[in-house]
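Subject: Structure for you to look at

Hello,

Here is the structure for your files. Please open it alongside this note. My findings follow below.

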Amino acid sequence: IVVGRGGAGIKRLGARARGKIEDFIGAPAYLDLWVKVLPGWRRKAETLRYLGYPVPQSPPGATSLRSRHGERAAAAAREPREPRA
């Protein structure tokens, strides 16, 4: 969502945030941004909740997202991971 074409969105976000931090502390600052990829996040209720989006209730008899995508995907959405070195 935030990355944008060619990383332009996250670059702009980082530049603005770094500027505000530098103004606040009165010194140059290094801001390290990283991106976590969550494939299929728009179809996974657990991931949507993790990202702060409202998730509508499923109609009775509907297949749950957990059963369609598996427990592993649901667990991955709940567990934040450390950035790779």
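Among contacts in the protein chain between residues at least 6 apart in sequence, what percentage join residues at least 24 apart? The figure is 40%, where contact means heavy atoms within 4.5 Å.

Some ground rules. This is a predicted model, with local features needing pLDDT of at least 70, side-chain atom pairs counting only at pLDDT 80 or more, and totals for chains, interfaces and linings using all residues. Residues are numbered from 1 along each chain as its sequence is written, and side-chain values use heavy atoms, leaving out hydrogens and water.

Overall layout

The protein chain has 3 helices and 0 strands. Helices (H or I, at least four residues) and strands (E, at least two) are DSSP runs, numbered from the N terminus. Along the sequence the pattern reads α-α-α. Of the 85 residues, 16% count as buried. Buried means under 20% relative accessible area, exposed means over 50%, and partly exposed lies in between (1.4 Å probe, protein chains only). The accessible surface of the chain is about 7300 Å², and carbon and sulfur atoms own 55% of that. Areas come from the Shrake-Rupley method with a 1.4 Å probe; for residues, only the protein chains shown count as cover.

Helix 1

Helix 1 has 18 residues. From first C-alpha to last it reaches 26 Å, close to the 26 Å expected at 1.5 Å a residue. That expected span is 1.5 Å times one less than the number of residues. Gly9, Ile10 and Gly14 are buried in helix 1. They sit on the same side of the helix, because their arc around the axis is only 125 degrees. The arc is taken from the directions from the helix axis to the C-beta atoms. Lys11, Arg16 and Asp23 are exposed on the face turned away from the buried side. Just after helix 1, Gly26 takes a positive phi of about 70 degrees.

The loop between helix 1 and helix 2

Leu31 lies in this loop. Leu31 is partly exposed, at 25% relative accessibility. Leaving out residues up to four places away in sequence, Leu31 touches Gly14, Ala17, Arg18 and Ile21. Leu31 and Arg18 are 13 residues apart in sequence, yet 6.2 Å apart in space, C-alpha to C-alpha.

Val37 is in the loop too, between helix 1 (8-25) and helix 2 (45-50). Val37 is exposed, with a relative accessible area of 65%. Val3, Val35 and Val37 form a nonpolar surface patch, with about 250 Å² of accessible area together. Patch residues have over 30% relative accessible area and no salt bridge; like charges are joined within 9 Å, nonpolar side chains (Val, Leu, Ile, Met, Phe, Trp, Tyr) within 5 Å. A salt bridge is a side-chain nitrogen of Lys or Arg within 4 Å of a carboxyl oxygen of Asp or Glu.

Best wishes
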